[in-house]
Amino acid sequence: MTALVTGASSGIGKDIARELNRRGIRLIISGRNESELEKLRDELGRNRVKIIAADLSKKEECFRLFEAVKPYNVSILVNDAGFGLFGKFKETSLETELEMIEVNVMSVHILTKLFIHEFTAKNRGYILNVASAAGFMPGPYMAAYYSTKNYVVRLTEAVRQELKNEGSTVSISAFCPGPVDTNFNNNAGVKFNLSGISSEYAAKCAVKGLFEGKALIVPTALMKLMVYGSGLVPPMLLAKVAGKIQSRKGDVK
């Protein structure tokens, strides 16, 4: 089996690549930081890992990546590329938010759609879309980021039901962790009050859930309670609570 992992130069994406490699799966790793990808390839074995650097904030790069991996008979797609941004919606950078939407939403949408065509034609394959527990609620002070993860969750759920309705064996899952100890927090400009799980543990949960065919993969009992309990809370109250939690992550006045 061969897997394509985007966002593999750091964080959860890198550890998902490691976990897949541990299971004997060949890898194509992608990301913006080619030097970090090369370090990962050296670690995992140059004969088992191929690098395709790509900036998935650009639509044409998403299509280029898809075309580049066609000869390798990919049967696992991991859409991990993404980032966040903290701050009041009226003050955060529109340019950064648009880039976030392109990476977190557009690239996931394009690659999921292209690989669904490939996988359903063969009636086999796995897709793992890395979302977040944030995908089940509004997120004041990270409004754009939470919205992108809402999109990923709902897209995954909808496509999964379509596949089920047509009797396809192709599996698509959304990975929805809470805080994870990666460089994501520094890049987003936030700090969490809840203790984060390790990236290694997150990756193990994600890959295990993927091969078990789970629709939503939520590590830890606390996150399961938050995710599945969020549907019982009125949206405006959920937004208020989420806003209070978010405001403690950075300097919001």
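Is Lys208 buried, partly exposed or exposed, and what is its relative accessibility? Lys208 counts as partly exposed, at 44% relative accessibility. Here, buried means under 20% relative accessible area, exposed means over 50%, and partly exposed lies in between (1.4 Å probe, protein chains only).

This is a predicted model, where local features need pLDDT of at least 70, side-chain atom pairs count only at pLDDT 80 or more, and totals for chains, interfaces and linings use all residues. Residues are numbered from 1 along each chain as its sequence is written, and side-chain values use heavy atoms, with hydrogens and water left out.

**View 1. Glu212 and Lys208 form a salt bridge.** The N to O distance is 2.7 Å. A salt bridge is a side-chain nitrogen of Lys or Arg within 4 Å of a carboxyl oxygen of Asp or Glu. Glu212 is partly exposed, at 43% relative accessible area. The structure holds 16 salt bridges.

**View 2. Arg18 pairs with Glu43.** Their side chains meet in a salt bridge of 2.9 Å, N to O. The pair links distant parts of the chain, 25 residues apart. Arg18 sits in helix α1 (residues 11–22) and Glu43 in helix α2 (residues 34–44). Helices are DSSP runs (H or I, at least four residues), numbered from the N terminus. Arg18 is partly exposed at 27%. Glu43 is also partly exposed, at 47%.

**View 3. Arg23 meets Glu19.** The salt bridge spans 3.3 Å, N to O. Glu19 is buried, with a relative accessible area of 5%. Arg23 is partly exposed, at 39% relative accessibility.

Conventions:
Helix = DSSP H or I, 4+ residues; strand = E, 2+ residues; numbered from the N terminus.
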